[in-house]
Amino acid sequence: VEAGEMTTVVVKIIKATDLLIADLSGSSDPYVEVRVGQVRQKTKTIMKNLNPTWNETLTFNQVDLKAQQHVYITVYDWDRIGANEAIGKLIVPLSDHTQGQEKQQTLKL
């Protein structure tokens, strides 16, 4: 990829298993935030679930792969009152992926 050449990055969030308990109720209300560069997108929140399934596709257009070299993924527990709490995060290097090809990964937070 040449400097300044733009591409699209597609991230599919399928599911999580065995998430941390973050609420007093013994569960969590998880959602996932994905960031590529300064652009952030998030999944829906799944209430009271430690093994949520999202099956959501997040598309990031006009990504300069020379400038944006990682995808940042954070799982949050949504809270009605106060700040949402990060319960897991990871960084995925874009260099691990071949442009134009889908790659499925199971990642541990």
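**Figure 1. The hairpin of strand 2 and strand 3.** In this predicted model, two residues lie between strand 2 and strand 3, which together form a hairpin. G37 sits in the turn and has a positive phi of about 65 degrees. R35 stands opposite R40 of strand 3. A further partner in strand 3 is K42, whose bridge is with E33.

Figure 2. Four strands make up an open sheet with antiparallel pairing, in the order 3-2-5-6. Strand 3 (39-42) and strand 6 stand at the edges. Each of these edge strands has a single partner strand, so one side of each is left without a neighbour in the sheet. From one strand to the next, the twist averages 20 degrees. In general, the strands of a sheet pair through backbone hydrogen bonds, in either a parallel or an antiparallel manner.

**Figure 3. The largest nonpolar core.** This core holds 20 residues, of which V34, F60 and V71 touch the most other members. At least two residues of the core are supplied by each of strand 1 (6-15), strand 2 (30-36), strand 4 (53-64), strand 5 (70-77) and strand 6 (85-93). Strand 4 provides the largest share, with four residues.

**Figure 4. The surroundings of F60.** Residues up to four places away in sequence are not counted in this view. With these set aside, F60 touches T7, T8, V9 and V11, and also V34, V36, V39 and Q41. One of these contacts, V34, is listed with F60 and V71 among the members of the largest nonpolar core that touch the most others.

**Figure 5. K48, a non-glycine residue with positive phi.** K48 is placed in the loop between strand 3 and strand 4. Although K48 is not a glycine, its phi is positive, at about 50 degrees. The relative accessible area of K48 is 59%; because exposed means over 50%, this residue counts as exposed.

Figure 6. Q62 is exposed, with a relative accessible area of 59%.

Technical notes. Residues numbered from 1 in each chain as written. Predicted model: local features only at pLDDT ≥ 70, side-chain atom pairs only at ≥ 80, totals over all residues. Heavy atoms only, no water. Core = buried A, V, L, I, M, F, W, Y, C linked by side-chain atoms within 4.5 Å. Buried < 20%, exposed > 50% of the residue type's maximum accessible area, 1.4 Å probe, protein only. Contact = heavy atoms within 4.5 Å. Pairing = 2+ DSSP bridges. Axes fitted to C-alpha atoms, helices over the stretch in contact; angles between N-to-C directions.
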